[in-house]
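Reader: I am new to protein structures and would like to learn how to read one. Could you guide me through a sheet and then an interface?

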Amino acid sequence: MLFSCENISKYYNGAAVVKDINLNLPEKSSVSLLGPSGTGKTTVFNILAGVSVPDGGSVRLRGENITGKAGYVSYMPQNDLLMPYRTVLDNIILPLIIGGQSKKEAREYAGDFLPKFGLADCAHKYPRQISGGMKQRAALLRTFFMDKPVILLDEPFSALDVITKIHMHKWFLSIAEEMGLSTLFITHDIDEAISLSDFVYILQGSPGAVCAGFELLPRKSREKDFIASAPFAAAKKEILNALGLGA
Amino acid sequence: MKKNAQSIIPDKQRLAPGLLIAALIALWQLVSVSGLVPAFMLPSPLAVVKALRADISLLGRDLLVTLSEAIIGLVLAIVAAFIIAIIMDSNALLNRAVFPLLLFTQTVPAIAIAPLLVLWMGYGIAPKVALIFLTCFFPVTVGLIGAFAQTDKEAVQLLRSMGASQWQIYAYLKLPGAMPAFFAGLRIAASYSIVGAVIAEWLGGNAGLGVYMTRVRKSYSFDKMFAVILLTAALSLALIKLVVFIQKKSLPWQEED
């Protein structure tokens, strides 16, 4: 297994926030952790990213124990964290610069990726001058440049309107395919989880616990308008049932 | 954005401050000419302008002296502010220990320590620069410390995950993020600097606007007194404008308001 966590638990002031979370992310797959607000999604995210230490359990990357250690996975927090004083391009290349590349080198390297991310025209603008969708794409490109084997995304598209979101999903799927990404999503959006993932974990309750997992139709065998298809509706129905929202 | 905002403000409103000042000057002229107040006590605006023109070469030299003292004091204050703020930010214990002392330096009135500084350092430029330094470094330091403390913790974590060193976190996150607060502090410091220079010059020296002020006061030249006061105010204003100009040029990303 590329990336996994076993029996993750976290307590705040003596009360459990999440309990016994087990997740698996195979190589080049896309997995979602789906759940309503208040079930500890971001708590799990921070633990997986290594910026928070769990009170129990372990996080593993290719079997190696990386619990509580930052710097092993690429991640993008809910807030895009683009720096207002850096241009879009200079925000994107930050991981490369910190990694020791020269500014010129990094800019040239990143320049080749800008068109694919729809950012060619705004490379030299400041974050406040671009749209929400562009900000998310810029933050995503910065995340890719962290260049770790796993990408964690915490509700990356939740600030976008539904139509822009569908565009972004399609775009993301093509990028993920092309770049062979292994991605773990945190989301509260059922449609998003189904659209983007091969496997969906459902997080429920307080303390948050994984109550179900669903294998979805592989991304390769999906039709173009998958989100309006019968397999999509069937998956959504199962998930709604698992969330206690079924008929 | 600024253009839009400005075009919304009617011309009437933009003219208002200028008109009010013009009206007040006219009133002042009227009061002096009418003889309500003796001319030697309240010289007319015209007399002040005349005095300013008559002494312009002398005042120009004094202005340069005061300005150079202010700039030297400010630059030293800025350098010290960055060093102190970074040290205090990176060490919580030191922060707790030093902050009350910082605050204390600000509760001592400049006018009270100025004579001491002159006694210690003589009549040269040193006590002036020292007083300016003491009054100016505080607003800049406090601005920087506050901004450092407000740095987004998630952003720090993200940079750490990218492998950033402590130094890189300052270079890419804390320092650029603190620039608006730095300039806000610097604007205040800039206005303090001229006042500080003048106060220090009152107590002795060979040149400077404060020295000139003391001299004309002793000879009851009220017109010259007013002239130098105007010049001092103009100098403070010019220095603040310069800081604002530098801020706009060096922080192009800032939203104009």
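**Reading a sheet and an interface**

Author: Please keep in mind that this is a predicted model. As a general idea, strands of a sheet pair through backbone hydrogen bonds, either parallel or antiparallel. Here, strand 3 (residues 30–34) of chain A and strand 9 (residues 199–204) of chain A run in the parallel sense, and their pairing extends over four bridges.

Reader: Which residue is the bridge partner of A:Ser32 in strand 9 of chain A?

Author: The partner of A:Ser32 is A:Val200, which belongs to strand 9 of chain A.

Reader: What is the order of the strands in the open sheet of chain A?

Author: The six strands of this open sheet follow the order 6-7-8-3-9-10, and their pairing is mixed. Strand 6 (74–76) and strand 10 (209–215) of chain A are the edge strands, each pairing on one side only, and from one strand to the next the twist averages 15°. Helix 5 (residues 132–144) of chain A packs on the sheet, where it touches strand 6 and strand 7 (151–154), and its direction makes about 165° with that of strand 6.

Reader: How many residues of chain A are in contact with chain B?

Author: There are 19 residues of chain A in contact with 19 residues of chain B, and the area buried between the two chains is about 1,900 Å², with carbon and sulfur atoms giving 66% of it. In chain A, the residues that lose the most area to chain B are A:Tyr85, A:Ile98 and A:Arg128, together 37% of what that side buries.

Reader: How many salt bridges are found across the interface of chain A and chain B?

Author: The rule finds zero salt bridges there, whereas seven residue pairs are in polar contact across the interface.

Key:
Residues numbered from 1 in each chain as written. Chains lettered and ligands numbered in written order. Predicted model: local features only at pLDDT ≥ 70, side-chain atom pairs only at ≥ 80, totals over all residues. Heavy atoms only, no water. Pairing = 2+ DSSP bridges. Helix = DSSP H or I, 4+ residues; strand = E, 2+ residues; numbered from the N terminus. Axes fitted to C-alpha atoms, helices over the stretch in contact; angles between N-to-C directions. Contact = heavy atoms within 4.5 Å. Buried area = accessible area lost by both parts, 1.4 Å probe. Salt bridge = Lys/Arg side-chain N within 4 Å of Asp/Glu carboxyl O. Polar contact = N/O pair within 3.5 Å; in protein donor to acceptor, adjacent residues only side chain to side chain.
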